[in-house]
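Welcome! Take a look at the model first, and then follow the points below.

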Amino acid sequence: KKNSRATPSPEERHIKTPQQNSPVKKTNMSAAQIGDRDEFVVDPNLVTLLISSLVLLITRWLWNMIPAPSQARNSPPRVSGWMPYFGVWWDLKADPEHYLRRCYEQHGEVFTLYMCGRNYHMLWNHEDHHIFYLKPDEEVSGASQPFVAVLGSKDAALFSSENRNEINATVAQWLGFFHRHVARGLSGQYMRSYTSGIHDEIRRGIAELPPSGELDLYQFLIDMSLRCTLRLMLGEGFLAEHPELHADVMTVKHYFDNYAPDPFLKSFVLLVPTPQNFAIRKAIIRIKSTFHNRIEELYEKGEGEETLLFSALKVSRANDVTFGPSHGITLVMFLLTLSATANMPVVSFWALYHLNRNKKACADVIQDYRRVANAARAEGRSLFNRHDYHELKVMDNTVKESVRMHQGVIHLGNVLRAIHKDQEVGGYVLEKGSILCLPTHQYFDERWYKHPHEFDPDRWNDSQWVESLPRFTFTPFGAGAHFCPGRLVASCFIKIITSEFLETFNFEFVNEVTKSTPPFTGVAPPTCGQGRNVIRFTRKPSAQ
C-alpha cells in the first residue's frame, strides 16, 4: 500500500504538512517548481559553533607551528599576550595608550611586546633613546618595516626571503646615503626652487576651489600633499602627463592607512589573494616602474630640472654609489612619497583644526603671514623663497604644537629600528633580530610641558624653556643621523598651505572631529568617514 500510493499533484505539494516542511524530505520536483518551495533554513547557532571550532583548531595549530622567538639572557620582561603568533597585537590595537602604561607600571622602563612573531622592545625612559637615534646602521638600522619587501617586489618573487633580504639591505644603504648627502642638499640650493614650487602648486589648488561650499578638508590636504610631492620629485607638468600615477598612489595610500593600519600586518594581509590585493600589487609595480623610467631618462640625458630624483641621481654619481643607483632611488622615493602623503596632510589638518578653534592663535598666524608677504612685495618679488619660509615663526610654533599633541602612541622616528647587534640598556640585553620602539608619553609629561593637553603654540616662544627640555623629549622629525630626510619639505608644505588657507577662507567644521589612535604611526590622523572632517567654507572678500 505504501509503494502504491499515488504521486501527489503539483497543487497538493503546496499544502504544508509537517512532513513536507522537513528540510531533509526528498521530492521529485522540476526546476520551475523548486522556486515555489520553502528555502532551506540553517541554524545560525550551528554555523557559529562550526566556525568557532575551526578557529580553535587553526589557533592550536599556529601555537604549535609558530613558536615565539627565543630571548637572550638578561633580556627585558616580555608580554606575550593570549593570541598565538599575533601576541599582544589585538590588546595593543584596542587601547594602545593605556595598554603601554599598564605594561610600564608592571614591568618598568624597559619591556618587550611579542607581536607577529617578533619581539618589540619598548624604551620608556627618554635617556635610553640614544640607542634608537644615534647608533650606526651596522648596529641599529632603520629599514625594518616588514612591508619594505612590498616596495621592492617583483611579480615572480613578491615575498621570497631572498628578495626581502636584498631589498632590506638596499633600502638600509640608501636611507643612510640619503640622510648623509641628498637630504643635506635640501637645506641648500635645491630648497630655493622647492619652496617656490610648493607655493605655486598650493595656490593653484586653492584657486580651483569654488567661492563657497563644503569640503572634506583632510582629503583635500592629502591630494595637495601628493601633488606637491610628485612635482618636487618628478618635475612640473609630469603629473599632468601621467594622471594614472595619482590614482595609483592613492590606491596604495588607502591600503596603508585603512586596510592594514599596523606596519607588521601590511605584508601579511597583502598575501591574501583578493581582487583588492591584486590591484594594490599592480599599483605598486606601476608606481615603481614610473619612477624607474624617469630616473633612467634623467640618467641617459645627464641633465634635467632640479627635481628630487635628479638631485639624488647627481649626488649618487658624485659619490660613486655602487649599490644599484636607480633601484635604490626608486625605493627611497616611493618611501618618501608614502611618508609625505601620510604625515604632511595630517599635521596640516590638526594645525587648521586648532587654529579654527583658537581665534588668537589664528589671528597671530595670519598677521605673521601678511608681514612676510608685505616684506616680499616691498622687495619687488613674489612669495615664497627660503628666507620667507624661515620667517614664519608663529606658524613654526603652530606646527610644533600640532605634532606634539597628535603624535602616535609609539614613535616611528621615520621607521622602526631593527637591531643587528646585541644592545645593553638598563641592565638588560636587547637581542639581535628584534625591533626597537619608543613610546611618546613624554610629549604629555607635566614635568616638561605645562598643561600638556592644551593647544598653546606660544609655549615655544620661551627660548629658555626650549633649551631646558631634556634631550629626546621632543623629536618630531627624529634625531641624530636618522633625521627625517624630508623634514624641510614637509615643514615648508605645512606652513604654506595652512597660512594660505587661513588667508583665503573663513570656515567651520560641520561635525565634531576626533583623533584615531593607531599604535604605530607618525602623527595620528583624524577619524575618517561619515562626514567627520567636512568644513563649510566661504572665500574672503579680500581673496576674491
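E201 forms a salt bridge with R231, and their closest N and O atoms are 3.1 Å apart. This pair links distant parts of the chain, since E201 sits in helix α9 and R231 in helix α10, 30 residues apart. Please keep in mind that this is a predicted model.

**More on the salt bridges**

- E201 counts as buried because its relative accessibility is 10%, under the 20% cut-off.
- R231 counts as buried too, with a relative accessibility of 13%.
- E201 also meets R227 through their side chains in a salt bridge of 3.1 Å, N to O.
- Helix α9 (residues 189-207) holds E201 and helix α10 (residues 217-234) holds R227, so this pair ties together parts that are 26 residues apart in sequence.
- Both E201 and R227 are buried.
- Elsewhere, the side chains of R371 and D368 meet in a salt bridge of 2.5 Å, N to O.
- R371 and D368 both belong to helix α17 (residues 359-378), where they are 3 residues apart, about one turn of the helix.
- In general, an α-helix has 3.6 residues a turn, so residues three or four places apart point the same way.
- R371 is partly exposed at 41% relative accessibility, whereas D368 is buried at 7%.
- Salt bridges with shared partners join E201, R204, E208, R227 and R231 into one network.
- The count of salt bridges comes to 18.

**The chain as a whole**

- The chain contains 21 helices and 12 strands.
- It has 544 residues, of which 49% count as buried.
- Its accessible surface comes to about 26,800 Å², and 53% of that belongs to carbon and sulfur atoms.
- Of the contacts between residues at least 6 apart in sequence, 73% join residues at least 24 apart.

**Nonpolar cores**

- The largest nonpolar core has 86 residues, and the members that touch the most others are I198, I202, F220, M333, F493 and F501.
- Helix α16 (residues 325-357) gives the most to this core, with 16 residues.
- Apart from its neighbours within four places in sequence, F220 is in contact with G205, I206, L209, L215, I497 and F501.
- A second, separate core has 22 residues, including V88, M122, W124 and C437.

- Helix α19 (residues 393-405) has 13 residues and reaches 19 Å from its first C-alpha to its last, close to the 18 Å expected at 1.5 Å a residue.
- Several residues of α19 are buried, among them M395, N397, T398 and V399.
- S499 is found in helix α21 (residues 487-504) and is buried, with a relative accessible area of 2%.
- Leaving out residues up to four places away in sequence, S499 touches V365, Y369, L392 and M395.
- R386 lies in helix α18 (residues 386-391) and is partly exposed, with a relative accessible area of 31%.
- R386 and T195 are 191 residues apart in sequence, yet 6.4 Å apart in space, C-alpha to C-alpha.

- V47, I51 and V55 make a nonpolar surface patch of about 240 Å².
- V47 is found in helix α3 (residues 44-65) and counts as partly exposed, at 36% relative accessibility.

Definitions and conventions
Residues are numbered from 1 along each chain as its sequence is written. This is a predicted model: local features need pLDDT of at least 70, side-chain atom pairs count only at pLDDT 80 or more; totals for chains, interfaces and linings use all residues. Side-chain values use heavy atoms; hydrogens and water are left out. Helices (H or I, at least four residues) and strands (E, at least two) are DSSP runs, numbered from the N terminus. The expected span of a helix is 1.5 Å times one less than its number of residues. Buried means under 20% relative accessible area, exposed over 50%, partly exposed in between (1.4 Å probe, protein chains only). Patches are made of residues with over 30% relative accessible area and no salt bridge: like charges are joined within 9 Å, nonpolar side chains (Val, Leu, Ile, Met, Phe, Trp, Tyr) within 5 Å. Accessible areas come from the Shrake-Rupley method with a 1.4 Å probe; for residues, only the protein chains shown count as cover. A salt bridge is a side-chain nitrogen of Lys or Arg within 4 Å of a carboxyl oxygen of Asp or Glu. A nonpolar core is a set of buried Ala, Val, Leu, Ile, Met, Phe, Trp, Tyr and Cys residues joined through side-chain atoms within 4.5 Å. Contact means heavy atoms within 4.5 Å.
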